[in-house]
Amino acid sequence: MGKQPNLYAFNDISTLASTLRTYVIQCQNAGFERHGVFKVAVSGGSLPSTLAKALLEPSQGGSEDVVDFAKWTIFFADERAVPLDHADSNYKLLKEELLDKIPNERGQPNVHAIDVKYLDDVQEMADQYQEALMQSFAAKDSVKLPIFDLLLLGCGPDGHTCSLFPNHELLRESDAWVAPIEDSPKPPAKRITLSLPVVTHGTKIAFVATGAGKKDIMKQIFDTEEGRSLPCGLVNEGGADKVSWFTDSAAVEGVAFPRRGGL
């Protein structure tokens, strides 16, 4: 058996957020050492509010507990083809939950939103977003895939992550860094998403999954053969021990897969 993902379970969200903070700062500092910045991809859903709980806390002192937002470059792991002020926008969600609440003295990250000129042409929107990735990660012909320092992802009740859905043809996309989707089973139908190889190529990959509503899909992903072919299961398989799951007790009730004690 190959290397396994790391599954962490916490009694409550505040303990989860505290450990997630430590983990993100470790990833941040490793990114700073590698290339002076922290390149991160972020999903929507309930993730931004948990991230805010983790990252907006005042520093506990010492260089090991500093979130240096000014050196962050944030991309979206997926985005909906809607205006940036639309209720379905992942940008709007992250802005309201996290970005607008960052104190001025902590600096502002460099955030790459979609180009809303292309709301009616998601292929062009995906191409333009891939172009932004290329500019950040070097020309596409010089690197096969971008390497994010960290991808922060969620897990849908059907096992989807980013806008990669179960049994969808996009799961087989192996060339594009960013792909369009026009038939998302979850509205809105039109979106763009990082491709599976980009996700699994990250230096570190973290899922946040909380609440009793997740326990059935978590059991499927971690304890069943068919769960390994779900998008979250494919990330587990492709990312192996680069993948860490931050969950609460309710989300992993009945899951047999072994938990890890600490980071």
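**A few residues worth a look**

1. Let's begin with a loop: Cys-162 sits between β6 (150–153) and β7. The model is a predicted one, and in it Cys-162 has a positive phi of about 50 degrees, although this residue is not a glycine. Cys-162 counts as buried because its relative accessibility is 5%, and buried means under 20%.

2. Here is some background for that backbone angle. Most residues other than glycine have a negative phi, and most peptide bonds are trans.

3. You will find Ala-240 in the loop between α7 (231–239) and β10 (243–248). Although not a glycine, Ala-240 has a positive phi of about 50 degrees. The relative accessibility of Ala-240 is 17%, so this residue counts as buried.

4. Now for a peptide bond. The one from Pro-187 to Pro-188 is cis, and its omega is near -5 degrees. To locate it, look for Pro-188 in the loop that runs between β7 (178–181) and β8 (191–194).

5. Finally, turn to a helix. Asn-90 belongs to α3, which covers residues 90–97. With a relative accessibility of 3%, Asn-90 is therefore classed as buried. Which residues does Asn-90 touch, not counting those up to four places away in sequence? They are Gly-44 and Gly-45, then Phe-76, and then Asp-78, Glu-79 and Arg-80.

Key:
Residues numbered from 1 in each chain as written. Predicted model: local features only at pLDDT ≥ 70, side-chain atom pairs only at ≥ 80, totals over all residues. Heavy atoms only, no water. Helix = DSSP H or I, 4+ residues; strand = E, 2+ residues; numbered from the N terminus. Buried < 20%, exposed > 50% of the residue type's maximum accessible area, 1.4 Å probe, protein only. Contact = heavy atoms within 4.5 Å.
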